[in-house]
Amino acid sequence: MANESQEKRKRTETAILAEQENKIAEEKRKNKEPFTFAKALSFVLPVLFLLSIYSLIFYFPVAEPRTESIIENRVMQQFPPARLKDIADGSFQTKFEKAIADQAFFRDPLLVANSKKDTFISDIAALVLKPKASYGKVITLFKENALYELHGKEYLLQYPFIYNDKIDRSIASAAEYFEKVKEETGANIVSYSIEPIVMSDANPLNSMYPGYVGRRYGDTLLKSLPKSVTALSLRYWTIEENLADFYITDHHFNGNTAQKIYNNSYDALSKFSALSPRLNTEVIEVPNSLMRGSKARSSLYDKLSEMLTSAEAQIPEYKMIMNGKEESARSNRASILAGNVLSEEALKYTSVYAEYFGFDFAEIIYQNDSAQTGRKLMIIGPSYTQTFEGLLASHYKTTFVIDPRYWPEAYGEKFDIIKYTKEHEIDDILFLAQPQQYAEWLLSEVGK
C-alpha cells in the first residue's frame, strides 16, 4: 500500500512538472512570434478605449454643455439631475446615457466622417446602378437624397416614402380619433395635412424602386376625417409645383408657402369666432441668410445654396415660455436681420432656417398681452409651424405650440391631446402635419 501511494504521488508530481514545462515553453514560443497587426490592435484598441473614457471623465466637469447640434439641427440632451423618482423609473439612466453621447467632444467629427463614408458608398451605388427618374434626371445618389436635375436646374430630392398598408390603417384610425377629441374637449379643430411630392405617386424617383405602388396616405386621411373637423391640405401633383413651394436644399416649405398656410389657417379659424384683422404679410428674402438646407447638410453636398425667405408682418411682442422656461426670444432672427453673417465654413453645417425661425421644442407658449380676446389656440406640428406660428399667435391671448416628437424627452410621457386641451382650456386647435404623423402622434401605437 505504501509503495502504491508513493508511486501515485510521483505520477502526480511528474504531471504537474510536465504542465509547468509546457506553459514555460508556450510563453517562450509566444515571445518569439513576430509582432503582427492583430497583436498591435489587441493592444492599441483597449488603450484608445480607456483614453477616451478617461478623457470624458475630465472633459465633462469643465466643458460648457452644448445646448444644440448645428450639424444635426436638434436640441442636445443635458445631464439630468439625480432624482430618486427618475432613477427608480429608469428615465435618469436613459437621459444620462444620451447626454454622454450628445456631449462627447468627438461627436461632430464622427458624424462628418460617417456622412463622408455614406457619400462614398452612394457614389459607388450611382455608378453601378445608374438610377433613372421617370421625369428629369438623377445625377448622383446620397444616403437620403438624390441630386436631381430638371429643366437645367439642380435640386436635392428626397427618396420616396414606400406605401405601407399598416400605416394607412393607422392614419384612418387617427383621423377618426378627432371625433373623440371634439366630443371630450369641445375645442374647434382644423386639420392641415402636408403632403410633399416625396410622399406621392408623382415623385419622379419612384421609378428607382421596381414594383413601386404609388398611393397617397393623404387620400385616406381626408376621407377619414369627421365632418366636425375643418379639413385643409397642401398636396402636390407635379414636381414643378412642389419645387416652387419648397426649398431646393431643405425639406421645409418656403416663405410663399408659409404665407399661404397662414392665410388659409386664418380663414378657417376665424369661422369659429371673430379674430383680429388679418395681418398684412410680405414675403421677403431674408438678408444675410444664404443657406445650405437640411438635405444639403446631411449629404455634405455644398455646391447648392439658396436664400431663406420669410412671410413677415408687424406682430406684437410676446412673452415666450419654452419647455417651461421663460425666454426673451424664439430665435436669432434679430441678430441675422442686424447683419451678423455666418462664415462660409459654418454655413456648411448651420441650419439657417432654425437660427432664423427657431429650433425645435416640445412646448412653446406665446403670451400676447395686447390681445383683445381671451381665446386660446393650440398649434400641433413639426418644424413647419415655425414659419407662421408667430403670425397666428397675434390673434389670440395665448398660443400653445406643441411638437409631439420631443414631448417624451421633455416631459417623460407621450403627448396627450385630450388631456392637454382640457388642462389649458384650449378653444381652437390647428393640427398641421404629414399624414403618417397623425398616426404617430394621436395613437398609442401605429397599426392600431
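## Strand β15 and its neighbours

In β15, Ile429 is the bridge partner of Met378. The model is predicted, so to speak of local features a pLDDT of at least 70 is needed, side-chain atom pairs count only at pLDDT 80 or more, and totals for chains, interfaces and linings use all residues. Residues are numbered from 1 along each chain as its sequence is written, and side-chain values use heavy atoms, with hydrogens and water left out.

Met378 and Ile429 belong to a pairing of β13 with β15. Strand β6 also pairs with β15, and there Asn188 stands opposite Asp428. Two strands pair if DSSP finds at least two bridges between them; strands (E, at least two residues) and helices (H or I, at least four) are DSSP runs numbered from the N terminus.

| Strand paired with β15 | Residues | Bridges | Sense |
|---|---|---|---|
| β6 | residues 188-195 | six bridges | parallel |
| β13 | residues 376-380 | four bridges | parallel |

Strand β15 covers residues 428-433, and because six of these six residues are buried, the strand is largely enclosed by the rest of the structure. Buried means under 20% relative accessible area, with a 1.4 Å probe and protein chains only. One side of β15 carries Asp428, Leu430 and Leu432, the other Ile429, Phe431 and Ala433, and both faces are covered.

The chain as a whole has 17 helices and 15 strands. Of its 448 residues, 44% count as buried. Among contacts (heavy atoms within 4.5 Å) between residues at least 6 apart in sequence, 71% join residues at least 24 apart. The chain exposes about 23,800 Å², of which carbon and sulfur atoms supply 56%; accessible areas come from the Shrake-Rupley method with a 1.4 Å probe.

Notes: Buried means under 20% relative accessible area, exposed over 50%, partly exposed in between (1.4 Å probe, protein chains only).
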